[in-house]
Amino acid sequence: MRIAIIGGGIAGLAAAYELELAQRAGIPIEYELYEAGPRLGGVVSSAVVDGTVIEHGPDSFLTEKPAAAELCRELGLEADLRGSNDAERKTFILVRNRLVALPDGLMFLVPTKLLPTALTPLFGWWTKIRMGFELLQRPRPAPGDESVADLVKRHYGQQAVDRLADPLLSGIYGGEATQLSAPAVLPRLVEMETKYGSLTRGMLAGVRARKIEAERIAAESEDGETPAPRPLFTTLRFGLQQMVDGLVARLDAGRVHVEAPVLGVERDRERGGDGWLVDAAGVVERFDAAIIATPAWAAAEILRGVDGALSGELEQIPYSSSVTMNLVYDGADLDPLPEGFGFLVPAVERRALLACTFLHRKFPGRTAAGKSVLRAFLGGAHNAELLAETDGRLEELVRRELFEILRISAVPEMVEVRRWPRAMAQYAVGHQERHRRIQSGLAQLSGLRLVGNAYDGIGISDCIRLGRRAARELTSATRQDAPAIAQSRR
């Protein structure tokens with residue numbers, strides 16, 4: 001069986017790795033991976049410069065989603081896994097040029113502690129009163145698809161949207177709360193509203209359930225101790241590029257092609273449509289199946305001649321663009337820097353910055369002695385035009401705003417800028433229905449799979465999970481020796 005993988009980002013690499021494992025286990029599989037650009041890994045990219053880790057794309061993955069950590073362990077990277085420094089985790093929101101800490105007990109968008117919520121300057125008194133009365137909301141049937149802004153406003157008011165939902169979601173998706181689908185990006189909150197009415201009551205019920213479960217585990221353990229909570233984020237000691245390098249090292253180099261753009265695919269009509277013809281840089285090859293691991297807008301173009309309706313659905317998935325900027329300073333030049341991990345900037349503040357992470361605090365031990373790294377984020381749905389600015393202009397904007405917000409006047413020792421055009425899929429209102437239509441269309445095209453951050457999760461672990469699952473699904477009929485595959489992973 002021959003399988004083409006189109007796209008060499010983390011999802012495509014994960015699919016290729018799964019096929020490589022099957023091949024090494026003796027299953028008759030061949031694969032070819034095609035990447036249009038000069039490097040593999042997609043937005044996952046990092047480097048170590050003078051002892052300091054510089055992340056060009058994402059700096060970590062969510063610990064609660066296991067696929068990325070499991071893959072790292074398979075690649076022999078377990079000793080290099082690093083959890084976030086949650087003991088010092090504190091996030092600020094910029095409000096009228098003042099940094100205000102998120103109140104204690106705030107669980108994502110939901111306040112769970114009365115006193116910290118009442119005392120925080122993040123919200124006005126009307127919003128605080130509304131948060132208190134939110135506890136009285138009764139269960140209600142799911143309203144259907146709606147925006148995150150609509151959901152949050154119904155429970156906590158517009159100020160909670162502006163100062164909480166919008167900056168938090170902009171930091172994750174680079175999108176707007178008014179556009180993102182609540183069922184798609186916050187399904188747990190939608191379920192809580194249906195079951196409890198009050199999001200605060202639902203979140204508190206979840207806290208109690210987790211406490212009871214932890215006590216049960218402690219009672220059953222030999223030492224009777226409650227297990228330590230897992231860190232919120234996980235990364236790698238020398239940057240997430242380690243994961244990309246580990247994957248590439250496991251693949252057959254002769255099967256991996258960079259600077260090989262796929263111009264299109266079509267059904268193999270000589271075999272009655274059973275199979276695929278892949279045109280890679282003008283060279284057409286036959287395959288039994290194909291995994292398209294490109295952004296949805298690129299997949300739409302590749303499939304335009306195969307299924308116009310499917311291509312149209314893919315084309316309608318919106319994307320946001322972003323800029324990341326790493327600024328390396330002598331640590332002494334940043335004193336006194338506010339405690340915590342960094343800050344988020346609401347759109348209503350009308351600044352170029354979306355967020356700034358104090359990376360040396362979030363993941364200690366990844367910077368050279370005496371150095372500090374500030375990681376700035378720009379662009380997103382609100383300021384996509386910033387991608388057209390020069391590096392010099394972007395540095396000027398960021399340093400000016402850092403001075404206005406943090407009073408940092410020192411000149412950074414190094415500045416590194418990366419642009420990521422149309423990189424982050426936006427799960428807009430209607431996304432779940434569109435995803436169902438896409439899956440229905442795919443069901444009519446045997447041997448074809450779509451993977452990446454546009455479908456069922458935007459994180460690194462989601463992409464790895466989807467890539468590996470697609471590879472397993474396509475080869476399920478030829479897999480005869482699952483124990484051999486498991487053994488090859490050790």
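The model is a predicted one: local features need pLDDT of at least 70, side-chain atom pairs count only at pLDDT 80 or more, and totals for chains, interfaces and linings use all residues. Residues are numbered from 1 along each chain as its sequence is written, and side-chain values use heavy atoms, with hydrogens and water left out. Helices (DSSP runs of H or I, at least four residues) and strands (DSSP runs of E, at least two) are numbered from the N terminus. Buried here means under 20% relative accessible area, exposed means over 50%, and partly exposed is in between (1.4 Å probe, protein chains only).

**The cavity**

- The count comes to one cavity of 30 Å³ or more, where a cavity is a set of points on a 1 Å grid over the protein atoms alone at which a 1.4 Å probe fits but cannot get out.
- The largest cavity holds about 40 Å³ of space, the volume being the space filled by probe spheres set on the points, which are joined across faces, edges and corners.
- Its lining is made up of V53, L359, H360, F363, R366, T367 and V373; lining residues have an atom within 4 Å of a point.
- Sorted by class, that lining has four nonpolar, two polar and one charged residues, with Ala, Val, Leu, Ile, Met, Phe, Trp, Tyr, Cys and Pro as nonpolar, Asp, Glu, Lys and Arg as charged, and the others, Gly among them, as polar.

**Salt bridges**

- The model has 35 salt bridges, each one a side-chain nitrogen of Lys or Arg within 4 Å of a carboxyl oxygen of Asp or Glu.
- R472 and E18 form a salt bridge at 3.6 Å, N to O. R472 sits in helix α16 (residues 460–474) and E18 in helix α1 (residues 10–24), so the pair ties together parts 454 residues apart in sequence.
- In that pair, R472 is partly exposed at 36% relative accessible area, while E18 is buried at 0%.
- R366, one of the residues lining the largest cavity, meets E55 in a salt bridge of 3.1 Å, N to O. R366 is in the loop between α13 (359–362) and β20 (371–379) and E55 is in strand β4, 311 residues apart. Both R366 and E55 are buried.
- E396 and R393 make a salt bridge of 3.2 Å, N to O; both lie in helix α14 (residues 391–406), three residues apart, about one turn of the helix.

**A buried charge**

- D166 belongs to helix α6 (residues 158–173).
- D166 is buried but has no salt bridge, and the nearest side chain of opposite charge, R350, is 11 Å away.

- Most residues other than glycine have a negative phi, and most peptide bonds are trans.
- The peptide bond from D335 to P336 is cis, with omega near -5 degrees.
- D50 is not a glycine, yet has a positive phi of about 50 degrees; D50 is exposed at 76%.
- A281 also isn't a glycine and has a positive phi, near 55 degrees; A281 is partly exposed at 49%.

Note on methods: On a 1 Å grid over the protein atoms alone, a cavity is a set of points where a 1.4 Å probe fits but cannot get out, and a pocket is an open set with protein on both sides within 12 Å along at least five of seven lines; lining residues have an atom within 4 Å of a point. Lys and Arg count as positive and Asp and Glu as negative; His and the chain ends are not counted.
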